[in-house]
Amino acid sequence: MNIFRLFVKPKTATTARDRLQVLLAHERASVGGNDLVTILRDEILAVISKHVKVDDNKVYVKLERGLQVSTLEVDVQIPFDRTTRRAA
Amino acid sequence: MGKAIVVTSGKGGVGKTTSTAAIGAALAQRGDKVVVVDFDVGLRNLDLVMGAERRVVYDLINVIHGEAKLAQALIRDKRVETLYLLPASQTRDKDKLTPEGVEQVITALKKNFDWVICDSPAGIERGPTLAMRHADIAIVVTNPEISSVRDSDRIIGLLDAKTVKAENGERVEKHLLLTRYDPSRAEAGDMLQVDDVLEILSIPLLGIIPESTDVLRASNLGTPVTLADRNSETARAYYEAARRLTGETVPVTIPTDKRGFFGKFFGRKAA
């Protein structure tokens with residue numbers, strides 16, 4: 001443990017500014033509350049479930065927002081199903 | 001023809017009502033005819049801050065519904081004779097506020113007053129959008145704090161889209177009023193800097209109001225902070241903001257921590 005941390009607390013204002021800038025950049029892009037990420041997630045899931053049965057509880061969606069690049073991670077667990085295998 | 005100002009913020013508790021009363025009184029003291037209008041139907045408070053709560057007979061909703069004439073509902077301030085208050089209803093449903101009614105009242109007020117200052121309720125629903133609808137000028141009240149800045153950003157978006165001026169292809173003149181600014185926290189690096197907030201919201205600065213007990217003391221007394229103690233730091237900041245509103249160029253002073261060496265060590269404020 002750094003002994004100086006007892007006396008000097010890290011400054012928080014810059015963190016606040018950086019978080020706000022990232023957040024607002026995204027909120028301004030999605031006008032009228034239509035969040036692009038939500039739309040993408042719903043449509044991707046709709047396409048997948050057209051072809052395979054998807055258990056809603058086995059879908060994990062993770063979003064990481066950055067100033068330059070954002071990533072949308074969709075993790076869909078497809079249950080083992082004999083019928084789909086035979087069809088393929 | 002007067003100008004309509006909306007005092008708005010999105011977030012609650014940032015100082016809209018305090019600022020409405022303070023700027024209204026400051027402009028009226030110059031001799032301008034001013035009316036402050038409470039749009040917070042169901043939760044009115046401007047009457048309390050103005051010290052007129054026991055004089056309310058009719059309100060904005062009564063006027064809109066034709067139950068009272070506008071002149072009957074206006075309450076004249078006892079300290080500054082060019083200052084008037086149009087209170088909101090405390091009991092009625094906020095849905096009684098109709099777009100047509102609001103338009104008529106604002107138009108009538110603009111004919112009779114130099115400044116029509118509308119104190120908006122918090123949020124982004126019907127009340128706040130009606131309060132901003134006919135504004136020529138918007139004062140966006142913001143605290144140097146992330147949730148307040150985010151909500152102000154949202155409100156600025158609404159001002160650019162949902163106002164009569166915006167719909168006619170014009171622009172509502174927008175100003176940022178930074179309130180509850182705490183110099184000691186700013187110096188400690190734990191409060192958003194003025195420049196950061198300005199850069200993020202990118203609207204011109206109307207003034208910086210320091211966090212102060214003056215505000216609480218004034219509201220306890222039912223006196224706008226600019227009338228309570230004219231020489232207090234808070235009052236002076238509001239007077240400067242009012243002068244900027246009228247188009248004067250007044251340099252903005254960023255409040256500094258005035259406590260001395262020992263004050264800084266021993267006089268730590270409770271968070």
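**Entry 1: a word to settle before I start**

Buried means under 20% relative accessible area, exposed means over 50%, and partly exposed covers what lies in between. With that in hand I looked up A:Arg17, whose relative accessible area is 24%, so I noted A:Arg17 as partly exposed. I also reminded myself that this is a predicted model.

**Entry 2: chain A by itself**

I began with chain A and found three helices and two strands. Along the sequence they come in the pattern α-α-β-β-α. Chain A has 88 residues, and I noted that buried residues make up 10% of them. Then I looked at its contacts with a separation of 6 or more, and residues 24 or more positions apart account for 45% of these.

**Entry 3: where the chains meet**

I then looked for polar contacts between chain A and chain B and noted three residue pairs, both partners being at pLDDT 80 or more.

**Entry 4: the salt bridge across the interface**

Side chains of opposite charge can pair when their charged atoms come close. I searched the interface of chain A and chain B for such a pair, and the rule finds one salt bridge there. Which residues form it, and how far apart are the closest N and O atoms? The partners are A:Arg17 and B:Asp196, with the closest N and O atoms 3.5 Å apart. I traced the pair from helix α1 (residues 13-29) of chain A, where A:Arg17 sits, to helix α10 (residues 194-201) of chain B, which holds B:Asp196.

Is B:Asp196 buried or exposed? Its relative accessible area is 9%, so I put B:Asp196 down as buried.

**Entry 5: salt bridges inside chain B**

I widened the search to the whole structure, and 14 salt bridges turned up over all chains. I picked out the one between B:Glu248 and B:Arg30, where the closest N and O atoms are 3.7 Å apart.

Next I looked at B:Asp182 and B:Arg185, whose side chains meet in a salt bridge at 3.5 Å, N to O. Here B:Asp182 is buried, with a relative accessible area of 4%, whereas B:Arg185 is partly exposed at 39%.

**Entry 6: two residues of chain B, looked up one by one**

I found B:Ser19 in helix α1 of chain B. At 1% relative accessibility, B:Ser19 counts as buried. Leaving aside neighbours within four places in sequence, I listed its contacts, among them B:Val7, B:Val141, B:Leu177 and B:Tyr238.

B:Lys165 came next, in helix α8 (residues 164-167) of chain B. It is partly exposed, with a relative accessible area of 22%. Not counting residues up to four places away in sequence, B:Lys165 touches B:Ala135, B:Asp136, B:Glu170, B:Arg171 and B:Val172. I also checked B:Lys165 against B:Leu97: they are 68 residues apart in sequence and 20 Å apart in space, C-alpha to C-alpha.

Just after α11 of chain B, B:Gly222 takes a positive phi of about 70 degrees.

**Entry 7: what the record says**

Last, I opened the UniProt record, an unreviewed entry, which places the feature "domain: CobQ/CobB/MinD/ParA nucleotide binding" at residues 5-225 of chain B. In the model that span is 41% helix and 19% strand, and its end C-alpha atoms lie 19 Å apart.

How values were computed. Residues numbered from 1 in each chain as written. Chains lettered and ligands numbered in written order. Heavy atoms only, no water. Salt bridge = Lys/Arg side-chain N within 4 Å of Asp/Glu carboxyl O. Polar contact = N/O pair within 3.5 Å; in protein donor to acceptor, adjacent residues only side chain to side chain. UniProt positions renumbered as here; feature names shortened; annotations may be inferred. Helix = DSSP H or I, 4+ residues; strand = E, 2+ residues; numbered from the N terminus. Buried < 20%, exposed > 50% of the residue type's maximum accessible area, 1.4 Å probe, protein only. Contact = heavy atoms within 4.5 Å.
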